[in-house]
Structure formats: structure tokens, C-alpha cells
Amino acid sequence: MELSCKTEYTLLALLELTGHYNEGEPLQIRQIAAQQHIPDRYLEQLLATLRRGNIVRSQRGAKGGYILAREPWTITLLDVINCLDGSTAPVSGNQKTVTTEESAIVQETWQEVRDRTNDILRDYTLQDLWEKLNNRQQLNIMYYI
């Protein structure tokens with residue numbers, strides 16, 4: 001499995017929103033796009049999808065923009081993937097009829113991969129990613145004398 005550009009950009013945008021969650025102020029598309037190097041038009045489409053999936057909400061007006069619709073510790077990566085893909089599994093399976101023992105083994109193994117992937121994505125929240133980012137940034141701080 002590969003991380004698609006769509007998923008990566010979405011998670012980067014959501015990390016940006018997570019970082020500003022406690023401020024309670026929405027971020028404009030151009031702010032998120034500039035900070036995370038995401039094309040504005042593409043980000044606009046991604047945020048619209050996330051809004052329909054109740055991951056973010058939009059606010060109109062001069063101080064308008066986007067903000068997380070729920071607390072970052074309640075939004076799992078599985079929620080995000082399901083919102084983007086409109087499916088319940090990040091790994092699609094082949095639903096053909098099993099005709100041999102070999103294909104039964106392959107199907108069962110692939111189902112186990114899907115289940116474990118879903119479990120991992122369900123275990124991580126946006127808050128977890130934000131904390132990992134903060135920890136990494138703390139390790140990279142250089143002190144000058």
C-alpha cells in the first residue's frame with residue numbers, strides 16, 4: 001500500500017488545523033496551503049470533502065475559514081480515510097468467489113491485512129500525530145551559545 005497524494009495533503013492540512021485548534025480561530029485556505037505547500041484549488045476540494053464528512057467545519061465572513069469540527073483526539077485516521085475514500089476499508093479486497101484452497105488462503109490473508117490496517121488507523125488520532133510532530137520538533141531544536 002502507498003500513501004496517496006490526496007491522503008497526505010489531507011493529513012497535512014488537518015495537522016495544520018490541529019495545531020491551531022486551541023486558538024478557536026479558523027484558518028483560511030491560503031494560510032493552510034502556504035504553510036503546508038498544498039495547491040489552493042486542490043486543498044479547497046479536499047476541505048469540501050472533509051466538511052461533508054463532518055471532519056472540519058467552515059465559517060464564513062472576514063474572519064472565516066476552516067476549523068476542526070470535533071476535538072482532534074476524537075478524529076481517527078480511519079475517520080479521515082473513510083471520509084476521503086467513502087469506504088469502510090483502506091485496503092480494497094477482491095470480492096470474487098473463492099474456487100480453490102489457494103485462493104481461499106489468499107482471500108483470508110488479505111482480509112487479515114485489511115483488519116489490522118483498520119485497527120492501526122483506528123488507534124491513531126489527529127492529536128497523536130500532532131504530539132509526534134511536537135516531539136520531533138523538540139528533538140531538532142539546536143542551541144547556540
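These notebook entries record what I looked up in the structure.

**Basis.** I worked from a predicted model, in which local features need pLDDT of at least 70, side-chain atom pairs count only at pLDDT 80 or more, and totals for chains, interfaces and linings use all residues. Residues are numbered from 1 along each chain as its sequence is written, and side-chain values use heavy atoms, with hydrogens and water left out.

**Fold.** I found six helices and two strands in the protein; helices (H or I, at least four residues) and strands (E, at least two) are DSSP runs, numbered from the N terminus. Along the sequence I read the pattern α-α-α-β-β-α-α-α.

Of the 145 residues, 34% are buried (under 20% relative accessible area; exposed is over 50%, partly exposed in between; 1.4 Å probe, protein chains only). Among contacts (heavy atoms within 4.5 Å) with a separation of 6 or more, 63% join residues 24 or more positions apart.

**Aromatic pairs.** I counted two aromatic pairs (ring centres of Phe, Tyr or Trp, the last by its six-membered ring, within 6.5 Å; planes under 30 degrees apart are stacked, over 60 edge-to-face, the rest tilted). Tyr9 and Tyr42 are edge-to-face, because their centres lie 5.8 Å apart and their planes stand at 70 degrees. Tyr9 belongs to helix H1 (residues 5-19) and Tyr42 to helix H3 (residues 40-52), so this pair ties together parts 33 residues apart in sequence. Tyr42 is partly exposed, at 28% relative accessible area.

Tyr21 and Trp73 also pair edge-to-face, with 6.3 Å centre to centre and 85 degrees between the planes.
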